[in-house]
Amino acid sequence: MTVSPQVIPAAPTPAPGVSGSQNSSASTPPGLFDRLAPRLHQYGLGMLRAGLGGVFVWFGVLKVIGLSPAAALVVDVLPFPAGGWFVPALGWAEVALGLWLMSGRARAVALPVLTAHLCGTFAVLVLTPSVAFTHSNPLLLTLVGEFVVKNVVLLAGVVVVTTHPAARRR
């Protein structure tokens with residue numbers, strides 16, 4: 001059987017001034033980024049865990065001390081009448097969640113608890129859509145809508161840091 005030259009692709013010609021061996025990715029040594037990426041990834045997971053936990057603690061403390069700009073939104077979206085205790089209690093829960101996340105302990109339990117909390121924030125989109133969307137258009141978010149939708153990123157970060165295999169102790 002013969003193969004027609006029309007089906008065999010021509011060998012790529014190197015650019016002027018570049019030898020064929022330099023053009024191959026298999027023969028080039030790894031660049032600085034390729035050498036640093038594994039270490040950066042390792043540190044990045046810890047930074048992500050600390051950052052997410054810090055956000056939970058920060059937002060929780062603001063609720064506890066009565067200075068959270070989201071406190072009124074929380075009370076307005078609740079399907080039940082909330083007393084003055086509810087927002088500070090939610091704040092303390094967020095502080096605890098943040099510290100738990102930063103500790104890296106009991107991640108299998110932390111994941112569903114944190115997921116439930118973050119998914120609860122999406123209630124604004126369902127229960128009070130006029131606050132989250134301009135002209136009832138789900139593509140036109142208000143400032144409140146953006147505040148709520150950004151929790152998708154927090155949720156993704158929580159999934160990453162709680163499901164990453166634990167580091168082996170030496």
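In this predicted model, helix α4 has a buried set made up of Phe86, Val87, Leu90, Gly91, Glu94, Val95, Leu97, Gly98 and Leu101. The cover over these buried residues includes α2 (32-64), α3 (71-77), α5 (107-121) and α9 (151-163). Helix α4 takes in residues 86-103, and its 18 residues should span 26 Å at 1.5 Å a residue; the end C-alpha atoms are 26 Å apart, so expectation and model agree. Just after α4, Gly104 adopts a positive phi of about 75°.

**Overall architecture**

The protein contains nine helices and zero strands, and its pattern along the sequence reads α-α-α-α-α-α-α-α-α. Of its 170 residues, 25% are buried. The accessible surface comes to about 11,800 Å², and carbon and sulfur atoms account for 69% of that area. Among contacts between residues at least 6 apart in sequence, 68% join residues at least 24 apart.

**Nonpolar cores**

Which residues make up the largest nonpolar core? Eleven residues belong to it: Leu52, Phe56, Leu97, Leu101, Ala110, Leu114, Leu118, Leu154, Leu155, Val158 and Val161. Helices α2, α4, α5 and α9 each contribute at least two residues to this core, and the largest share, four residues, is supplied by α9. Two members of this core, Leu97 and Leu101, are also among the buried residues of α4.

Val158 illustrates the packing within this region. Leaving aside residues up to four places away in sequence, Val158 touches Leu52, Phe56, Leu101, Leu111, Leu114 and Leu118. A second, separate core has seven residues, including Leu73, Val77, Val124 and Ala132.

**Aromatic contacts**

How many aromatic pairs does a search of the whole structure find? The search finds three. A pair of aromatic rings is described by the distance of the centres and the angle of the planes. Two of the pairs are set out in the table below.

| Ring pair | Centre distance | Plane angle | Arrangement |
|---|---|---|---|
| Phe80 and Phe86 | 5.7 Å | 80° | edge-to-face |
| Trp85 and Phe86 | 5.4 Å | 75° | edge-to-face |

The pair of Phe80 and Phe86 counts as edge-to-face because its planes stand at 80°, where the class requires an angle over 60 degrees. The planes of Trp85 and Phe86 stand at 75°, so this pair is edge-to-face as well. Through ring pairs, Phe80, Trp85 and Phe86 are linked into a cluster.

Phe80, at 39%, counts as partly exposed. Trp85 has a relative accessible area of 55% and is therefore exposed.

A contact of another kind involves Lys150, whose charged end sits over the ring of Phe147 at 4.3 Å from the ring centre.

**Helix α7 and Pro129**

Pro129 lies in helix α7, which comprises residues 129-132. With a relative accessible area of 35%, Pro129 is partly exposed. Between Pro129 and Leu141 the separation is twelve residues in sequence and 9.7 Å in space, taken from C-alpha to C-alpha. Ala132, which belongs to the second core, also falls within the residue range of α7, 129-132.

Notes:
Residues numbered from 1 in each chain as written. Predicted model: local features only at pLDDT ≥ 70, side-chain atom pairs only at ≥ 80, totals over all residues. Heavy atoms only, no water. Phe/Tyr/Trp six-rings, centres within 6.5 Å; stacked < 30°, edge-to-face > 60°. Buried < 20%, exposed > 50% of the residue type's maximum accessible area, 1.4 Å probe, protein only. Lys NZ or Arg CZ within 6 Å of the ring centre and 35° of its normal. Expected span 1.5 Å × (residues − 1). Contact = heavy atoms within 4.5 Å. Core = buried A, V, L, I, M, F, W, Y, C linked by side-chain atoms within 4.5 Å. Areas by Shrake-Rupley, 256 points an atom, 1.4 Å probe, with all protein chains shown as cover.
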